[in-house]
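Subject: Structure handover

Hi,

Here is the structure I promised to pass on. Please open it alongside this message.

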Amino acid sequence: MSIKGEKVAAKLNRNLKMGMVGGGPGAFIGEVHRKAIRMDGGIELVAGAFDINPRKSKQMGRELNLDRKRVYNTYVEMIEKELQLPVGERIDFVSVTTPNNWHYPIAKEFLESGFNVMCEKPMTMSLKEAKQLQQVVRKSRKVFGLMHTYTGYPMVKLARDMIRQGDLGKVMKVVVQYPQGWLARPIERSGQLQAAWRTDPKQSGAGGCIGDIGTHAENLAEYVSGLKIREICADSNTYIKGRRLDDDNNCLLHFNNGAKGLLHASQICIGQENSLAIWVYGENGSLEWHQEHPNYVYVEGLNEPTQVWKRGNDYVAAKSAGAGRATRVPAGHPEGYIEAFANVYRNFTDTICARLLHRKPTELELDFPNVDDGVRGMAFIETVVASGKGRQKWVKLKS
Ligand code: NAD
């Protein structure tokens with residue numbers, strides 16, 4: 001059984017200091033980030049501009065027991081005041097957990113002010129903004145992480161490594177699905193906070209469901225298969241009358257090695273919760289992984305009994321160093337969603353620490369989604385939207 005090795009943060013003789021934008025009272029994902037960073041120690045939340053409403057930002061700061069002086073009215077004030085603190089006391093990085101329309105301006109300002117950034121997905125509102133942010137990241141020489149949670153699961157890393165090591169042979173077909181049912185009614189009209197902005201093009205971007213969860217499926221498919229989506233033929237739908245963005249997508253995919261695939265992302269599938277799952281079919285075998293049962297990878301060979309690989313066993317770590325590193329507790333004790341966030345944070349913050357210690361981050365440390373994944377995600381959204389709306393059905397994904 002493998003347990004976490006030495007924490008790089010320990011070598012700094014201090015915790016990394018984190019700030020947060022978003023994640024105010026009643027928000028969803030900010031609290032998940034806060035839970036995840038507590039999991040391994042080494043990261044301390046010290047500052048925030050938690051809500052679009054300054055009064056609620058202060059309320060959140062009180063609930064979190066933060067120093068009042070470091071709970072800010074706006075992210076702009078946060079940058080100004082944090083820069084006045086000595087290095088080592090000021091935040092080392094900020095996590096951006098606001099709705100999509102704020103990701104770009106906030107990430108850009110922090111990067112240009114010399115802070116590392118962890119940003120929620122989808123990265124920006126458009127591919128153009130995404131490419132601009134890519135330039136900002138490169139110029140800043142700061143560490144940028146993108147919270148595509150699902151690549152943080154140990155068994156996803158195992159699946160990726162099995163394919164990398166050629167266990168399935170050449171990949172011929174990838175099927176990925178992300179159905180949910182929570183937007184099967186127009187709950188945005190009755191003030192449901194998370195539904196309201198997700199269905200508003202000014203806050204969500206050109207994609208609704210395809211940006212919200214389709215990008216997770218796209219990122220998972222490319223990460224696990226090691227392939228790139230080359231072109232897409234999309235059937236995008238809005239089932240709820242009056243809704244301004246898509247709530248259902250059925251996409252055919254062509255990959256760069258000639259493999260074919262399917263991606264289905266929908267928020268009107270009653271009964272489905274977070275049924276993200278992937279099947280990869282190779283010339284010699286196949287594998288599958290299901291987010292709602294994340295501790296198992298199923299591997300099939302022709303005319304062979306199904307193999308069930310179970311998280312936490314030494315044979316998993318022996319096959320995949322990344323999976324071993326992302327595992328905290330022994331086999332049979334389930335790990336899941338919050339651990340996946342913690343794993344993305346671990347690699348992101350170990351990379352920051354490596355930089356602070358003037359050494360090159362290792363390949364394992366660098367295994368977290370970055371700005372290039374964000375550009376792919378935005379190119380994916382725009383390609384699906386173009387194909388879904390246009391007369392030309394096969395559209396090239398250009399990133
Ligand atoms: P939410 O509506 O629950 O919370 C958003 C919070 O951001 C609120 O507290 C709001 O007041 C605050 N906010 C908005 N603008 C702000 C600003 N300018 N400054 C400070 N605070 C501001 O939204 P959510 O569901 O938590 O989603 C937030 C982001 O996280 C979205 O981009 C979403 O796509 C992403 N998300 C990612 C995952 C994942 O698995 N990685 C899951 C859910 C959501």
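Predicted model: local features only at pLDDT ≥ 70, side-chain atom pairs only at ≥ 80, totals over all residues.

**Strands β1 and β2**

Start with β2, residues 43-49. Six of its seven residues are buried, so the rest of the structure largely encloses this strand. Its partner is β1, residues 16-22. The two strands run parallel, and six bridges join them. The chain gets from β1 to β2 by way of helix α2, residues 29-38. That β-α-β crossover is right-handed. For a landmark in the pairing, take Lys17: Glu44 in β2 stands opposite Lys17.

**Domains**

The protein is divided into two domains, and each is made of two segments. Domain 1 covers 8-149 plus 366-370. Domain 2 covers 150-331 plus 376-387. Their centres, taken over C-alpha atoms, lie 26 Å apart.

**The interface**

On the domain 1 side, 21 residues are in contact with 26 residues of domain 2. Together the domains bury about 1800 Å² between them. Carbon and sulfur atoms account for 51% of that area. Which residues of domain 1 lose the most area to domain 2? They are His148, Thr149 and Asp367, which together make up 31% of what the domain 1 side buries.

Salt bridges also link the two domains: the count between them is four. Have a look at Asp367 as well. Its side chain meets that of Arg160 in a salt bridge, at 3.3 Å from N to O.

Best wishes

Terms used:
Residues numbered from 1 in each chain as written. Heavy atoms only, no water. Buried < 20%, exposed > 50% of the residue type's maximum accessible area, 1.4 Å probe, protein only. Helix = DSSP H or I, 4+ residues; strand = E, 2+ residues; numbered from the N terminus. Pairing = 2+ DSSP bridges. Right-handed = clockwise from strand over helix to strand, strands pointing away. Domains from an automatic or database assignment. Contact = heavy atoms within 4.5 Å. Buried area = accessible area lost by both parts, 1.4 Å probe.
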